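Me: I want to check some labels against their cut-offs. Please show me the structure, then take my questions one by one.

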Amino acid sequence: AEVSTQSTGFIEVQNLGVNFCSRSFRGVPLTHPDSPKLTILAALLSSKFLHREIREKGGAYGSGCVSSSQAESFFSYRDPNNTGTMEVFDRAAVWAAEGRFEDQHLTEAQISEMGKQETPIAPEYRA
């Protein structure tokens, strides 16, 4: 199959059978006071907003938000609704700023991130 590529600003469109979408913004260093907050926000957006809007409503296989010292990134994969997904990415900050989540959701995001930091070390990797 022939692959055609078209670049429009920061968007690269390719004629492929499966869509992958992403949008990234400049991140903050790990030492920045907002870094832990952005990490929790990424987990919150992934589980309480992006999953519902992109996977459940839009039909993608998966989606999420990742925070790192390099970038804050939204993504989806095997996504049949790439235009709608980019609009969902735009609405994510508004959803968070309006506080459309409960304290329990924030606690779950914090626990999720702590679990990632404190994963057990397999015996073969111990010194």
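Me: Why does arginine 91 count as partly exposed?

Reply: The model is predicted. Arginine 91 has 38% relative accessibility. Buried means under 20% and exposed means over 50%. The value for arginine 91 falls in between, so partly exposed is the label.

Me: What makes glutamate 53 buried?

Reply: Its relative accessible area is 11%. The cut-off for buried is under 20%, so glutamate 53 qualifies.

Me: Why is the contact of glutamate 53 with arginine 91 called a salt bridge?

Reply: The closest N and O atoms are 2.9 Å apart. The rule asks for a Lys or Arg side-chain nitrogen within 4 Å of a carboxyl oxygen of Asp or Glu, so this pair passes. Glutamate 53 sits in helix H1 and arginine 91 in helix H2, 38 residues apart. Salt bridges with shared partners join Arg52, Glu53, Lys57 and Arg91 into one network.

Me: What happens to H2 at arginine 91?

Reply: H2 bends there by about 30 degrees.

Me: How do you know that the span of H2 agrees with its number of residues?

Reply: H2 has 16 residues, and at 1.5 Å a residue they should span 22 Å. The end C-alpha atoms are 24 Å apart, which agrees.

Me: Which elements do the buried residues of H2 pack against?

Reply: They pack against strand E3 (20-26), H1 and strand E5 (71-77). Among the buried residues of H2 are Val88, Phe89, Ala92 and Trp95. Phenylalanine 49 touches Val88, Ala92 and Trp95, among others.

Me: What makes the pair of glutamate 108 and lysine 48 a salt bridge?

Reply: The closest N and O atoms are 3.4 Å apart. The limit is within 4 Å, so the pair counts. Glutamate 108 lies in helix H3 (residues 103-117) and lysine 48 in helix H1, so the pair ties together parts 60 residues apart in sequence.

Me: Are glutamate 108 and lysine 48 buried or partly exposed?

Reply: Glutamate 108 is partly exposed, at 36% relative accessible area. Lysine 48 has 24% and is partly exposed.

Me: Why is lysine 37 called exposed?

Reply: Lysine 37 has 56% relative accessibility. Exposed means over 50%, so the label holds. Its side chain meets that of aspartate 34 in a salt bridge, 3.8 Å from N to O. Aspartate 34 is partly exposed, at 34%.

Me: How many salt bridges does this rule give?

Reply: The count comes to 7.

Conventions
Residues numbered from 1 in each chain as written. Predicted model: local features only at pLDDT ≥ 70, side-chain atom pairs only at ≥ 80, totals over all residues. Heavy atoms only, no water. Contact = heavy atoms within 4.5 Å. Helix = DSSP H or I, 4+ residues; strand = E, 2+ residues; numbered from the N terminus. Expected span 1.5 Å × (residues − 1). Bend = angle between axes of the 7 residues up to and from the residue. Buried < 20%, exposed > 50% of the residue type's maximum accessible area, 1.4 Å probe, protein only. Lists of a residue's contacts leave out its neighbours within four places in sequence.
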